[in-house]
Amino acid sequence: MSITPKAILTKNLPSGNGGAAHIGNAWNKLLPKHKNDKNWKNTNGMLDQYLCHAQWASGMKTPWNIEPWRPDVSYAATVAKACDP
C-alpha cells in the first residue's frame, strides 16, 4: 500500500505528544478504510512500518510504502531496517 501523507505528518508535525496524537489519529483514519481489503494483512507489522515512516522517514520519501508481506518484527527492528524489515 502506498500512502501519500498530508503535510502535518511530514513537515509540520508537532513535537512530543502532539506529534504522537497526529500520527495515531491518521492511522486510526486509515485502518477502517483499508483493513477489509484482500491485500491488508499483518496489521501489526504494517503499523510498525507506518510509525517508522511517520517518526523517522517522514521528510525523506513520499509515498510511504507499507507492505503487508514484510515480517512482523518489533518496532525497534523495523526502525533498524530503515522501515523495511
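Reply: D84 is partly exposed in this predicted model. Its relative accessible area is 26%. Now turn to its partner. The side chain of D84 meets that of R70 in a salt bridge, with N to O at 3.6 Å. This pair links distant parts of the chain, 14 residues apart. R70 sits in the loop between strand 2 (64–65) and helix 4 (75–80). D84 sits in the segment after helix 4.

R70 has a relative accessible area of 14%. Buried means under 20%, so R70 is buried. R70 also forms a salt bridge with E67. Here the closest N and O atoms are 2.4 Å apart. E67 is buried as well. A search of the whole structure finds two salt bridges. Shared partners join E67, R70 and D84 into one network.

Strand 2 leads on to the aromatic rings. W64 lies in strand 2, and Y50 lies in helix 3. The ring centres of Y50 and W64 are 5.6 Å apart. Their planes stand at 75°, so the pair is edge-to-face. Both Y50 and W64 are buried. This pair ties together parts that are 14 residues apart in sequence.

Y50 also pairs with W27. That pair is tilted, with 50° between the planes and 5.1 Å centre to centre. W27 is in helix 2 (residues 17–34), and Y50 is in helix 3 (residues 43–55). W27 is buried too. Ring pairs link W27, W40, Y50 and W64 into a cluster.

Methods
Residues are numbered from 1 along each chain as its sequence is written. This is a predicted model: local features need pLDDT of at least 70, side-chain atom pairs count only at pLDDT 80 or more; totals for chains, interfaces and linings use all residues. Side-chain values use heavy atoms; hydrogens and water are left out. A salt bridge is a side-chain nitrogen of Lys or Arg within 4 Å of a carboxyl oxygen of Asp or Glu. Buried means under 20% relative accessible area, exposed over 50%, partly exposed in between (1.4 Å probe, protein chains only). Helices (H or I, at least four residues) and strands (E, at least two) are DSSP runs, numbered from the N terminus. Rings of Phe, Tyr and Trp (its six-membered ring) pair if their centres lie within 6.5 Å; planes under 30 degrees apart count as stacked, over 60 as edge-to-face and the rest as tilted.
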